[in-house]
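Q: I am new to this structure and would like a close look at a single part. Please pick one and walk me through it step by step.

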Amino acid sequence: MTQQQTPVMIDHQDGDEPLSNHSDNTTFQQVFEKRMSRRSLMKGSLGTAAMLGFFAGSGYSGLAHAGSNRHSPLIGFEAIPVDASDRVTLPKGYVHQVILPWGEPISGNLPAFDPLTNSGEDQAHQVGSHHDGMHFFPIEGQDPYQGSSEDGLLVMNHEYVEPRFMHASAQGQALSRSAVPVKGDGTRNADEVLKELHGHGVSIVRMKKQADGQWAIEADPRNRRVHGLTEMEISGPVRGTDFVKTRFSPEGTRTRGTLNNCAHGVTPWNTYLAAEENWAGYFINHAEQPREQSRYGVAKEGSGRYGWELADSGDDRFVRFDVTPKAGSATEDYRNEVNGFGWMVEIDPFNPDARPVKRTALGRFAHEGVVFQPAVEGQPVVCYSGDDARFEYIYKYVSAQPYFKATAGGHLLDNGTLYVARFNEDGSGEWLPLVFGMGPLTPENGFNSQADVLVNTRSAADAVGATKMDRPEWGAVDPKTREVYFTLTNNSRRTEADAANPRVENNWGQIIRWREQDDQVTAKAFEWNLFVLAGPESDSDLAGQHLDGGNIFNSPDGLWFDPDSRLWIQTDMSESVVNTGPWEQFGNNVMLAADPVNNVIRRFLVGPVGQEITGVITTPDQKTMFVNVQHPGATTTPEQFAAGELSSHWPHDGSPYPRSATLVIRREDDGVIGS
Ligand code: FEO
Ligand code: CA
Ligand code: CA
Ligand code: CA
């Protein structure tokens with residue numbers, strides 16, 4: 001049929017973390033430096049040390065010893081060494097099982113996995129690729145953290161796909177991890193496009209522990225895929241506005257699909273939120289772009305990230321990725337299609353008939369994920385979300401209505417106040433409201449409604465003077481103290497730091513934390529400091545000490561507090577640098593456990609070649625942990641791919657290509673994970 005003639009390709013390289021902030025607000029690095037110099041501290045790590053652990057009256061001590069060997073009442077395993085081999089390693093006494101690899105059938109007629117023959121339709125009934133944020137919902141369906149530890153709905157994001165591993169037409173071609181095969185006439189095979197769209201999104205799978213201790217899929221009508229074509233509602237202030245009117249939804253109330261779902265969130269009312277992170281590059285606009293496109297990095301030349309708009313069928317589901325105005329009005333073309341992306345998407349895993357809902361009140365940006373403060377009866381719902389691009393911001397949402405368990409639901413995410421963070425030099429911080437009519441968010445400055453503020457969240461945050469950060473990734477809330485931690489993964493393009501500051505050209509990243517003023521989660525002010533400056537032994541800082549062989553790490557990304565306030569840290573060294581140059585000493589990407597009170601961090605898990613570790617949750621009894629391994633083998637070069645020589649074959653299941661998959665981790669003695 002669609003013979004590949006004179007094969008060519010589209011290759012946007014590693015375009016998934018676009019630099020698109022053109023505002024000139026104070027950067028986090030500038031604040032950090034000023035604060036350092038103002039305090040006349042010694043340069044280098046000593047100065048850094050003095051900045052760490054300054055929460056007045058807290059248990060943190062900047063003078064305490066730090067490291068991987070120091071005693072911790074929370075962490076009972078021995079740190080494992082770095083590793084660069086194509087396997088999963090865990091501490092002594094821990095074992096793992098691999099479940100739900102990309103392509104595992106979960107619904108429909110259960111199409112068996114075969115990457116070379118599976119159709120686009122098959123992929124809609126199989127686990128997606130590039131596993132990311134994840135939650136285990138106990139099967140009772142009442143509470144996201146209480147209930148069965150042996151039976152539940154495992155829900156996970158699939159951030160993106162690696163097309164060369166998906167299509168027979170790619171075989172033998174020198175394709176990079178981001179390239180797609182294109183036909184000789186410049187179009188793309190429509191079924192390949194369909195397969196890639198279906199490979200994105202979310203999987204909902206009932207998993208049950210078997211008599212032999214292994215976990216297996218349980219047939220269930222709730223097993224399903226949400227993907228790049230699933231119909232969704234748009235809710236909140238942007239619903240029904242001109243910003244989201246399209247040929248598909250002239251009334252501006254619906255859109256199709258969710259894309260680039262990185263991390264997630266879990267609501268207090270037992271639903272799942274999938275974040276839309278690097279969605280902008282999937283769209284192309286050849287004409288002049290409005291700020292709601294240009295400020296986010298919509299493609300300007302060539303094609304969208306995967307060239308979906310080039311599908312040879314001309315199908316409406318695919319042409320919408322070209323948002324160049326083509327007709328006389330917005331309801332006749334797809335000029336507004338991209339405004340339907342960049343949101344948090346709420347999914348009820350227990351109700352397959354409920355349409356997913358894009359909650360626009362939480363803002364539009366490269367949402368890494370969202371994390372909630374524990375809900376309190378009669379108090380507003382509070383959550384935080386990072387915008388993962390260089391020099392972007394951290395946000396907080398406070399619902400207008402209070403939370404009552406009996407009536408709580410997604411409506412609490414439709415009406416509230418979105419704030420953006422300013423980190424002051426003296427360790428104080430402010431939440432700046434992004435409310436139409438307040439401060440600079442007025443028509444004189446180009447903001448004409450709350451929908452306008454939300455569709456252009458980044459521009460609004462620029463206007464109010466938020467602090468530019470080093471790529472905010474996941475956040476986590478300590479269940480005992482309510483302090484909030486966020487990973488800032490790295491930012492090699494930061495040029496304005498002075499040479500004495502270890503974070504100039506920040507290749508390693510750090511973890512920041514804050515406490516809301518007077519411990520009121522709705523506060524408009526907070527106190528902040530840095531928990532750890534990641535990096536090698538010579539350039540890292542944990543409470544005044546360097547990291548050591550048992551805990552050096554860099555590029556923190558995934559972050560989660562378990563119920564005991566153990567902090568789990570996952571790393572994402574880019575596949576373009578991992579195992580090379582100064583990154584070589586760190587081996588493959590890992591997960592570590594931290595005791596932030598006693599300043600202990602220990603390496604817990606090392607993943608296989610070419611992947612990142614992302615997504616972590618335990619069952620309520622904390623005896624089973626689920627962890628995702630994303631994009632093993634992504635370090636395979638185009639030449640190696642053409643020659644059939646892959647850098648990884650993990651999980652070594654005999655399939656022709658490596659596969660993202662989920663690890664089920666338990667202790668041989670059935671104890672609490674990490675303790
Ligand atoms: Fe998808 Fe920011 O990691
Ligand atoms: Ca991530
Ligand atoms: Ca990544
Ligand atoms: Ca990342």
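**A pair of calcium ions**

A: Let's start with Glu368, which is buried, with a relative accessible area of 0%; buried means under 20%, exposed over 50% and partly exposed in between, with a 1.4 Å probe and protein chains only. The model is predicted, so local features need pLDDT of at least 70 and side-chain atom pairs pLDDT 80 or more, while totals for chains, interfaces and linings use all residues, and side-chain values use heavy atoms, without hydrogens and water. Residues are numbered from 1 along each chain as written, with chains lettered from A and ligands numbered from 1 in written order.

Donors are N, O and S atoms within 2.8 Å of the metal (3.2 Å for Na, K and Ca), and sites may look incomplete because water is not among the atoms. Cys262 is also buried, at 3%.

Cys262 in strand E11 and Glu368 in the loop between strands E14 and E15 are 106 residues apart; strands are DSSP runs of at least two residues, numbered from the N terminus.

The calcium ion (ligand 3) lies 5.6 Å from the calcium ion (ligand 2). Its protein donors are Asp572 (OD) and Glu612 (OE), at 2.2 to 2.7 Å. Asp572 sits in the loop between strands E28 and E29 and Glu612 in strand E31, so this pair ties together parts 40 residues apart in sequence. Both Asp572 and Glu612 are buried.

How values were computed. Helix = DSSP H or I, 4+ residues; strand = E, 2+ residues; numbered from the N terminus.
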